[in-house]
Amino acid sequence: MRSPGEARTAVETVVRRAIIEDRDALLDMYQTFQPRPASLGLPPNANVGEWLDRLAGYPSFVAFAGSEIAGHGVLCPENGAGEVAVFVHQDHRGQGIGEKLLRAILDEARRLGLSRVWGTTQLDNTPMLRLAHAMGFVRGKDPCTFHLDLQRAPSQSRP
Ligand SMILES: CC(C)(COP(=O)(O)OP(=O)(O)OC[C@H]1O[C@@H](n2cnc3c(N)ncnc32)[C@H](O)[C@@H]1OP(=O)(O)O)[C@@H](O)C(=O)NCCC(=O)NCCS
């Protein structure tokens with residue numbers, strides 16, 4: 001992970017929609033993912049395959065650093081809004097991958113016509129809360145939640 005003030009490493013990263021064939025590589029990534037769980041019980045310590053299978057019905061994105069899966073993001077739409085979750089392997093954090101995944105999720109949410117995207121994490125998850133803030137999300141009444149109203153707040157592109 002990048003420490004404050006440290007320069008962003010230039011890494012060739014590709015984000016694309018997840019496909020069923022990514023399951024084994026995702027399992028490999030989550031096998032060594034730390035900390036586990038990282039946010040509200042996710043990714044789970046056990047039965048990661050079952051968790052991935054439950055998520056398979058939702059729009060999901062994978063980030064590749066070279067040929068290796070470095071991150072995973074999911075959008076769970078319900079009642080016109082969508083919950084977001086982003087996981088970047090610790091070997092690849094601080095390189096803009098979380099932002100790319102979240103941006104892909106926001107594009108998908110707009111494509112689906114969702115009015116709001118939201119997420120939840122612990123108050124001490126500074127990386128996730130700062131990432132959300134950097135992408136235009138605001139804190140909810142419950143400060144563990146963050147949300148973005150899509151009609152009113154287009155995502156800001158990193159120059
Ligand atoms: C949260 C997480 C997805 C961020 O992914 P990442 O690829 O490291 O984030 P990025 O490099 O894209 O950073 C984007 C922004 O997030 C914030 N950020 C990321 N890591 C940070 C850190 N360690 N400390 C403070 N802010 C951080 C910054 O605002 C950063 O923008 P900047 O680089 O202009 O300062 C990653 O830390 C992670 O997977 N954590 C464990 C899983 C988790 O908690 N997921 C949340 C589930 S809801």
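These legends go with a few close-up views of a predicted model.

The model is predicted, with local features needing pLDDT of at least 70 and side-chain atom pairs counting only at pLDDT 80 or more, while totals for chains, interfaces and linings use all residues. Residues are numbered from 1 along each chain as its sequence is written, and side-chain values use heavy atoms, with hydrogens and water left out.

View 1. You'll find four helices and seven strands here (DSSP runs numbered from the N terminus: helices are H or I with at least four residues, strands are E with at least two). Of the 159 residues, 44% count as buried (under 20% relative accessible area; exposed is over 50%, partly exposed is in between, with a 1.4 Å probe and protein chains only). Among contacts with a separation of 6 or more, 61% come from residues 24 or more positions apart (contact means heavy atoms within 4.5 Å).

**View 2. Helix H1 packing on helix H2.** H1 covers residues 23–31 and H2 covers residues 48–55; they pack at about 130°, with axes 10 Å apart (axes are lines fitted to C-alpha atoms over the stretch in contact, and angles run from 0 to 180 degrees between N-to-C directions). That angle makes H1 oblique to H2 (under 35 degrees is roughly parallel, over 145 roughly antiparallel, 65 to 115 roughly perpendicular, and the rest oblique). On the H1 side, look for Arg 23, Leu 26, Leu 27 and Tyr 30; H2 brings Val 48, Gly 49, Trp 51, Leu 52 and Asp 53. By type, the residues of this contact are six nonpolar, one polar and two charged (Ala, Val, Leu, Ile, Met, Phe, Trp, Tyr, Cys and Pro are nonpolar; Asp, Glu, Lys and Arg are charged; the others, Gly among them, are polar).

**View 3. Gly 94 in its loop.** Gly 94 sits between strand E4 (81–88) and helix H3 (97–111). Gly 94 is partly exposed, at 25% relative accessible area. Pro 127 is 33 residues away from Gly 94 in sequence, yet their C-alpha atoms are 9.0 Å apart.

**View 4. Helix H3, mostly covered.** Eleven of the 15 residues of H3 are buried, including Ile 97, Leu 101, Arg 103 and Glu 108. Just past H3, Gly 113 has a positive phi of about 75°.
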